Protein chains: 2
Amino acid sequence: MASLRLAVDAMGGDFGLRSTVPASVLALNENSDLHITLVGDRTAIAEALRSQSYDSSRLDILHAKDSVAMDEKPAVALRQKRESSMAIALGLLRDGDVSAVVSAGNTGALVAMGCIIVERMNNVRRPAMCAPIPSDNGHTYMLDLGANTECVARDLAQFAVMGSALARVIDGRAAPRVGVLNIGAELIKGTPVVREAGDLIAANPHLNYIGFVEGGDIFGDGVDVVVCDGFVGNVALKVSEGVASFIRRRLQAQLSASVMGAVLGMLLKPVLRRMQRANDPRRYNGAVLLGLKGLVVKGHGGSDVQSFLTTLRQAARAVSVDLSRQIAAELAEENPPTPVAQ
Amino acid sequence: MASLRLAVDAMGGDFGLRSTVPASVLALNENSDLHITLVGDRTAIAEALRSQSYDSSRLDILHAKDSVAMDEKPAVALRQKRESSMAIALGLLRDGDVSAVVSAGNTGALVAMGCIIVERMNNVRRPAMCAPIPSDNGHTYMLDLGANTECVARDLAQFAVMGSALARVIDGRAAPRVGVLNIGAELIKGTPVVREAGDLIAANPHLNYIGFVEGGDIFGDGVDVVVCDGFVGNVALKVSEGVASFIRRRLQAQLSASVMGAVLGMLLKPVLRRMQRANDPRRYNGAVLLGLKGLVVKGHGGSDVQSFLTTLRQAARAVSVDLSRQIAAELAEENPPTPVAQ
């Protein structure tokens, strides 16, 4: 399959080349259909590749003289970083030279550059970051996770379509259950935007809408796709990471408080390691930027080799099921909801 | 101290009298300064008290012929439930017969009735639910947790003043570090409301403002008071509960997957129980409704005896430090920020 070509923003992420290069080599070695273009500083990449063994016919290096810093303002990056590894990788995607871009770089810059370079799908007002969150269900897809702070109801309704398509295409779920994230107190059952989004989604015959869900439901087994604006989604994601690591710290502290605890802790280590690998959102990794004319997959900024490898696998899988085209088809099919004043 | 008088909405919460009555008896028995008025169905309360032993001179029953259901619409409760245990308890507070009301009942109804019956403090546009969230720091106060879905910057700035006063008064922290909950992506560093709230809080010389914090920071040791709107706060709270119980389920599943695991699980039980007691937000319990002219403390709807007892203790503690008056004083002292168009 010649079309399984990924462009990797080799300079992105907190660990840059130290994660992206070894992860790319591992991905190439486990998947003989895969071709990777590493975009970034040619000399540094060559240096990072030196001790690695891989099929060089399936790995290219494309030089980029610049890179986007993790804390750079997206607007500034857009103006000044047209020669960055991120921008050049996205250009490859726009030109059809690769099937997907994978980056662990600056999220805001990736969204902004994605919209300008790769462009939005027809009728998509806002792209959304979507990632699988560990749950009793295996995982629940949640979107948006931070590409948009403020959304109108129509945006949330589009997120529902895109998220549902993702769950269908990636996991083969026939009729993914879609919920709108809301809060419980009756007085204030949601904002007008959330209520209106619920109405729009309920009116879409292509969606299996189950109504409002609460924050805790994300981790249960009652919903497959949870829709929210990017502010709430990002807070929810960071809170879930924060709680998981807080509980880990607490358990550690409890276990090291006594000799018996220390012994228990040693015995428990493999269990905890297994749990952490399976459940920690940080390691679960990989958010898809949905709504662009090409596939952009975002790894966690703090991606280590293993988690960037997971992201590369997710990207390869998404390419192999032609995710981007399938979502475009779903969006085209979508019954346009009655226009509403916003 | 004759003024340590609490009114308990005996009918509120998922378990109603089964939680509120035994917890009230335990509270009376551990604190000889305490006086409790149980408000609710006289016959049912008397029945629930029958097997209990307590100092009857410090316990009254006030009959209420009605109660607010947990799923009742607050607007409906406001109109139709003036004779409910919740409304009558709040009336005792308004009339100065008690120093605080404690209820595990319907949050929305409690907020709505609180505003009408107890009334807001001068200049407070919106009351806020505030609770301590377990953290490396002991706990972090977070508000609003669901009394308001949509807030203007001025509301968030008032929450900051009230939360800071709470941390100072309850925990004796001299200059509580206040943060505004925000998200990381640079493109969209917060909504206009959040950014403006940050500016207002920064301009208040009475507050120790440390800037924006992210969802994960709530559980660390870098911030004492986190301010957000009630929609985001409620989602964050429910997510944190959801993740904690998801991790518990996962650990359980891992431990029951092998004989070795089962043995480990048995040995671990006391550790896990201790952790759960200390860290589970559901058990931590007790949110204060800040911004009313009297002290209203809300227990979790799912409060069992132990957690309702915790809520009663929190209420007694808040009364003993005269929380409500201290917050009113802080609000009066607050430098009114320059008026802004909203």
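Buried means under 20% relative accessible area, exposed means over 50%, and partly exposed is in between (1.4 Å probe, protein chains only). With that in hand, let's look at A:S24: because its relative accessibility is 0%, A:S24 counts as buried. A:S24 sits in helix 1 (residues 17-30) of chain A, where helices are DSSP runs of H or I with at least four residues, numbered from the N terminus.

A quick word on the model: it is predicted, so local features need pLDDT of at least 70 and side-chain atom pairs count only at pLDDT 80 or more, while totals for chains, interfaces and linings use all residues. Residues are numbered from 1 along each chain, chains are lettered from A, and side-chain values use heavy atoms, leaving out hydrogens and water.

Here is who touches whom, with contact meaning heavy atoms within 4.5 Å.

| Residue | In contact with | Neighbours left out |
|---|---|---|
| A:S24 | A:V8, A:I36, A:L38 and A:L312 | up to four places away in sequence |
| B:L323 | B:L166, B:V169, B:I170, B:V288, B:L290, B:L295 and B:A318 | within four places in sequence |

B:L323 also turns up in the largest nonpolar core, which has 221 residues; A:L323 and B:L323 have the most contacts inside it. Such a core is a set of buried Ala, Val, Leu, Ile, Met, Phe, Trp, Tyr and Cys residues joined through side-chain atoms within 4.5 Å.

A:L323 is also one of the residues of helix 12 of chain A that meet helix 6 of chain A. Helix 6 (residues 153-171) and helix 12 (residues 323-333) of chain A pack at about 135°, with axes 9 Å apart.

Note on methods:
Axes are lines fitted to C-alpha atoms, for helices over the stretch in contact, and angles run from 0 to 180 degrees between N-to-C directions. Helices (H or I, at least four residues) and strands (E, at least two) are DSSP runs, numbered from the N terminus.
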